[in-house]
Amino acid sequence: MSDSTAAVSQARLAQLAGVARAAVTQWRNRHADFPAPIDAGGDLRLADVITWLDTRPVPANRREPDEAAGVTYGGRVRRQLRAAEEPARDRVKELGALSTEFGGRVFWAEYLYLLLCLTFLRLYDHDRWSQLMHSVPPNGDPIMAQRLLRRVVALADESLAAPDVLRASDAPPSRLRPRAFEPIRKVIALVAGLGPADFARLRAAYLRQVSISGEVISTPEGVARTMVALLAGTPVDRGVLIYDPFARFGELPAEFIRAAGDLAAAAGDTPDTVLVRAEHPDAGELRLAGMWLMASGTPAELAVTPAPTPAGATFVLTNPPFGKHVEDKWLRHCVDSLTEEGRAVVLMPYSAGFAGKATMRRELVDQGALIAVVALPARMFSNTRVGVCIWLLRRPTRRPAAVRFVDARHRGRARGLHVELDATDVASIVAAVTAENQPEFSVLATHEYIQARGYSLHPPEYQDGMFTRSLADVARAELEALSTDVELPSYTTGGGWSGRPLNELCHVRNGVSHRSLTAAVARAGTAGVIVPVVHPRHLRSGIIEAVDAPMADAASLEQYRLRTGDVLWVRTGAMGQAALVGEPESGWLPHTNLLRLCVIDPEVLDPAYLLAFLLEPAVLARIRERSIRSVTTSISKGVLGELVMPLPPLAAQREILAAVTALDDHAASLQRRLNAVRAARSVLGQHLIDGTVVLTGRQTL
C-alpha cells in the first residue's frame, strides 16, 4: 500500500493521519495544491498525499505522547503504514543485534551512546539528519565508518549549539571499532524508523549499563519528581532560569520542564520563557543531558567548566557529587546562584546534616537560608546504598528562621534491591513540607532548638521523642500511665538538660589498626608486653567478657591501651554493643572495629553515665541514623564525637544512674522469677501428666 501507485480513500487517509474526516475535506477545499482524486470515487494517490502532508506540521496540542516536536502529518501517515506492515517489528532489538559489528558487549555502552546521538538527530533536528543521510556514501571501509561516527557526534554538538564546548573526538562512540562500513549504513536505516519512545528506551538502557560500575549515577525518577514538586507554589517572573551546576544526564531540569505546566498553574502564573543552564565536567554526560533537555522541549546552555556564579537563577536543581568534604562548597554555590526570590533544591547525603564542622550548617540556619530538609528512604539509587536528603534553600534573609524537618525514610516501596517513590509518596512529602498542620513525620524546629542540637540538620533526630523535649504535662502523663504497674522513684518535671557534643567531653579514638594489630598478635608468642585484645564479641550488656581473647604484644602500642573508665563502642556491622572498661581490663588493647571513648574530666561526666546514655534505645537509633551505609554499616569517630549529649550535673548523673540501675535490678529479679516459674511449670506439668506426681489438695493460683 505504500508504493507510488497505491490509492487511499479519504476516510482511510483521515484514519492514518489521526484527524477527523472533516479535516481531510477542509484540506481539499481550502488548499489549491492538495492532490486531486484519481478516480470517480474520490480516492487519492497515497504517495502524492504523503508528500503534501510533509508540509503540514502537527500542532503541539494535537501531537501524540510519543511524537516529537516538528513531526508532520506525512510522518504520522508513514509511521502508521509501517506499523500496519510490520506490527511485530522491534527496531531497537534489531539495532542491538548489530552491536557485534562494533565491538560487541565490550563496547556496549559506547554503541548505545552512538544510537542515542543518531536517534536524537532523527527526531529533533531534521535538517542535520538530512545532512547526515546525504553524506553517507554507498560504500566504504572501516576507516570511513569511524569518520562517519565522529560526524554523527559533531552534528549532535552543532544541534545542541555547543560544538566549542563538547569535543566529538573523545566522545564515547570514538572508541568503537566497526569491522566494516555496511553495518553503519544498516544502523542509520533502522534509526530512521525510531520514535521518541525508542529514544527514551535507549537512554534507559544506556543509564543501566553505565551504572553497573557505580562510577556514574543518575537521579531516580521519584527523587527528581519530589525535588521539582517542592518548588510548586513558588511565584515566578515572566522568564525563568533553571540552573543545574552538576547536570548528570539532565534529569532534574527535564523533570522541571515536564512539570512546568502544573507548577505554573499551582503558582498562579505562567512564565513566558524557561531557560536552562546545565554544567558538567564530563562532556559525554553533558552531551546526553543536552539531548534529553532538547527532547523535553527546552534547549539548554551547556558548559563543561563552571562559569562565575550566575546570581540570577530562578531555581537551582542539582544532585552534586558526594564525599571528600565538598558538600559545603556545593550548598554555598547553589545559594549564591539564586535571585532574591529564587529557590534551590539540592540533593545531599545524610551525613551532610551532621558530619564534619558545623560552620556551613550554622550559617544557613542563622542567616535564614534553609527552609526544609527531607530525609528520603535509603537505597533510592540502583548502584549505591548511600541515604540522601533534599535541602530546600533560598537567598539569606539575614534573620534566623525555623526549619521544617521531614522524615520520609519509611515512604516508598521496594522494587528489587532499591526503593521507589510513587505519586502518592511525592504528594505526602510535599504536604509535609508545606502544610501548616504538621503531619506525623514533619517537625518545625526553631532556631534556638537547632542551635541547642549543635546545628544538626538530620531530620530523624528531630522526630525522636527523647530529643524533642515533650512538654512537662506530657512527660508526667506518660509516667503516670506506667506507675499503675511499676513502682517509680519520686520525681518532678523539668525543662531538660543542656547538651554538649561528645567530642567536648571525651577523646574519641579508633581501635588498633588492622595491620598493626595483626603484627602485634603475631609477636605475642615471642616477647614483649603480652595483653589480651578486646573484640566486639566480648562486649556484653555493658561489661567485657573476654575469656577467649587473643593475646598481642602491646610494647609499641602504648597509645591504644585501655584505661579503667574508658567506654568501648562497636563501630562497624551490628552496632549497639558498648561496655565500660574495668580494673581487670586496664592495659588491654581494643580491636580495630571498636571505638574508645576516654572521658576527659570525670568530675564533669561519669563514665558509667556515658555508657547508660549510649545504651538508651533512642540514642542507639540516633547513632544508627548517622552511620554510613555501604556494604557494611559503620560510624567514624568524628561523627560519633559530634553526637550531642544532654549533660546534667555530676550529682544528678549519679542519682539518675541509681534510679535506672534500681529498675534494671528489679527487671532482672522479675526475669529470674519468671524463668523459675517457667521451669517449674515444665517439670511439674510433665510429672503430673505422666502420674509420677499426684496433687494432694485443692490448688490455688
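Serine 541 sits in the loop between strand E17 (539-540) and strand E18 (543-544). Helices here (H or I, at least four residues) and strands (E, at least two) are DSSP runs, numbered from the N terminus. The phi angle of serine 541 is near 50°, a positive value in a residue other than glycine. Serine 541 counts as exposed, at 73% relative accessibility. On the cut-offs, buried means under 20% relative accessible area, exposed over 50%, and partly exposed in between, with a 1.4 Å probe and protein chains only.

Before going on, a word on the model. It is a predicted model, in which local features need pLDDT of at least 70 and side-chain atom pairs count only at pLDDT 80 or more, while totals for chains, interfaces and linings use all residues. Residues are numbered from 1 along each chain as its sequence is written, and side-chain values use heavy atoms, with hydrogens and water left out.

Arginine 248 also has a phi near 50°, again a positive value in a residue other than glycine. Its place is the loop between E3 and H12. Is arginine 248 buried or exposed? Arginine 248 is buried, with a relative accessible area of 9%.

That brings me to E3. Strand E3 (residues 239-244) pairs with strand E4 (residues 273-279) in the parallel sense over 6 bridges; two strands pair if DSSP finds at least two bridges between them. Glycine 239 has threonine 273 in E4 as its bridge partner. E3 also pairs with strand E6 (residues 313-318), in the parallel sense over 2 bridges. There, tyrosine 243 stands opposite valine 316 in E6.

Now another sheet. What is the strand order of the open sheet of 4 strands? The order is E15-E23-E20-E21, and the pairing is antiparallel. Strand E15 (506-510) and strand E21 (578-580) stand at the edges with a single partner strand each, so one side of each has no neighbour in the sheet. From one strand to the next, the twist averages 20°. Strand E20 (residues 567-570) pairs with E21 in the antiparallel sense over 3 bridges, and leucine 568 has alanine 579 in E21 as its bridge partner. Helix H22 (residues 607-615) packs on the sheet and touches E15, E20, E21 and strand E23 (594-599); contact means heavy atoms within 4.5 Å. The direction of H22 makes about 170° with that of E21. Axes are lines fitted to C-alpha atoms, for helices over the stretch in contact, and angles run from 0 to 180 degrees between N-to-C directions.

Arginine 45 is in strand E2 (residues 44-45) and is partly exposed, with a relative accessible area of 33%. The C-alpha atoms of arginine 45 and serine 9 are separated by 8.9 Å, although these residues are 36 residues apart along the chain.

In helix H3 (residues 46-53), the residues Leu46, Val49, Ile50, Trp52 and Leu53 are buried. Why do they lie on the same side of H3? Because they cover an arc of only 160° around the axis, the arc being that of the directions from the helix axis to the C-beta atoms. An α-helix has 3.6 residues a turn, so residues three or four places apart point the same way.

That is the last item.
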